[in-house]
Amino acid sequence: MKNVLSFILLFTLITSLHSQSYDISQYRARFERRPFLELDPSLSYSGLLTNQFNQDQHSGGAALEALWREHSNLDERQTVWTVLGRTSFGRAEFENPDRQDQSNKQISINGTFSQTNYNAKNRFWGFRGNAFVNAIDRDNEFLVSNRFTNINIQPGIFFGGGRTEFAEDALLANWMMDDLLEVGAISSATPEQRFALAQRVTSIIGNRTFDFRRRRIYELQQLKQLFEEENINISDDFLLFAILNDNWAFANRAALPHGKQWVVGVDGGGSYSFASLPVATDNFLVFVEPYVRFESAKIRHNNASTSLFAQLRGFYRDNLDEGNGQTPVFSLLTQSGVSLSLGHSYVWLPMSRTTLRWNNAVNLGFTSFDADNIPNLNNEWTTNWQSVLSWNYFISYTWRLSLDAGIQATFINREFDKSEAIRPFFNLRSTIAIF
């Protein structure tokens with residue numbers, strides 16, 4: 001009899017826990033507007049170990065980034081605007097004592113736009129564009145300033161099927177409900193009530209204003225009102241307020257991707273580049289890049305996600321200039337080729353304030369140069385491999401510390417020349433989200 005009662009109690013407990021769970025991969029966040037603005041100061045280090053003579057080095061630097069993003073995610077359309085500005089300073093020290101250390105300064109701005117139009121079967125077509133301006137002032141090996149400028153414009157069109165979703169709002173709703181259950185502020189939370197809370201989070205998270213005090217009051221009022229509308233029994237109003245405020249203020253901005261998507265598209269455009277040494281030269285380049293891409297992501301245990309990525313891309317680049325006759329024009333040669341990229345990412349959220357991410361990627365490339373009189377540049381095979389472990393800790397909803405550490409390996413194989421390089425690196429960032 002005791003065994004039977006124990007089994008019934010265990011079955012009841014498991015059933016109760018299951019009934020209160022909510023699969024966040026079922027949630028589809030839809031919103032008209034969600035702006036985002038953050039500042040990102042950082043410190044970085046990288047090493048370079050290579051088989052090339054006199055090239056081993058250690059580099060360090062500091063940078064400041066400002067990112068603005070405007071995101072709209074509706075059933076029939078998805079649009080994303082981004083503007084990223086960056087300024088940085090770095091210094092490289094060579095292991096060879098006879099080689100002078102070098103420094104560099106850089107400033108850049110990058111703007112992107114993408115619109116994807118969906119039909120009822122999740123088939124889509126869209127267009128996108130990218131504009132990039134970059135300026136670098138770098139010392140050469142004789143400590144003479146060498147200035148580079150690059151301007152790039154790249155429009156593109158694409159079509160495909162499937163859709164990638166991001167479980168962000170449902171993740172926050174689950175954390176709120178779990179914490180409320182743990183402290184006993186509420187006695188139960190059904191999947192339907194968790195879904196309703198996720199919808200409330202979606203409806204208010206995009207309402208931005210620079211009056212932070214009034215915004216926080218409005219947000220907490222809307223969250224508390226949801227519990228009244230859903231007739232959720234509240235045993236302690238103070239604990240309800242404390243848990244909602246803690247999660248809203250300190251739970252991270254983590255988003256777990258899920259879904260499958262394939263894309264076929266083509267990018268094209270042109271770029272202008274300028275270099276001041278050894279003599280002032282400029283160059284105009286036009287290019288076209290067709291590609292096919294497949295992505296698949298799956299949420300696991302409501303707190304982790306695995307992603308797979310594969311892309312096959314071709315390219316053709318033609319220079320409109322032939323050089324000025326005073327310097328070699330190897331970099332101005334017409335190029336064509338193909339590359340295959342494979343990637344895997346694993347994201348784990350051990351708690352609401354911490355995100356761990358492990359990214360692995362490999363790129364295999366082949367480049368053919370249109371150079372009849374330069375046999376060494378006829379064919380080039382490249383292999384790039386990178387593994388990065390990232391850790392984010394959220395001090396508050398608008399402030400997080402991030403540490404990236406990893407290793408990158410590059411192998412280049414030409415007919416009469418081979419080069420190998422291994423680059424360990426780490427980067428420490430302090431990100432401040434304005435809204």
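In strand E6, phenylalanine 159 is the bridge partner of tryptophan 125. The model is predicted: local features need pLDDT of at least 70, side-chain atom pairs count only at pLDDT 80 or more, and totals for chains, interfaces and linings use all residues. Residues are numbered from 1 along each chain as its sequence is written, and side-chain values use heavy atoms, with hydrogens and water left out.

**Exercise 1.** Determine how E6 is joined to strands E5 and E8.

*Solution.* Step 1: recall the terms. Strands (E, at least two residues) and helices (H or I, at least four) are DSSP runs, numbered from the N terminus; two strands pair if DSSP finds at least two bridges between them.
Step 1: take E5 (residues 123-139) and E6 (residues 145-162). They run antiparallel and are joined by 17 bridges.
Step 2: turn to E8 (residues 256-275). E6 and E8 are also antiparallel, with 13 bridges; here asparagine 150 has serine 273 in E8 as its bridge partner.

**Exercise 2.** Describe the crossing of helices H2 and H5 and the residues that meet there.

*Solution.* Step 1: two packed helices are described by the angle between their axes and the distance between the axes.
Step 1: the axes of H2 (residues 169-183) and H5 (residues 237-250) come within 10 Å and cross at roughly 145°. Axes are lines fitted to C-alpha atoms, for helices over the stretch in contact, with angles from 0 to 180 degrees between N-to-C directions.
Step 2: list the contacts (heavy atoms within 4.5 Å). From H2 come Leu172, Trp175, Met176, Asp179, Leu180 and Val183, and from H5 Leu239, Leu240, Ile243, Leu244, Asn247 and Trp248.
Step 3: sort these residues. The contact has 10 nonpolar residues, one polar and one charged. Nonpolar covers Ala, Val, Leu, Ile, Met, Phe, Trp, Tyr, Cys and Pro; charged covers Asp, Glu, Lys and Arg; the others, Gly among them, are polar.
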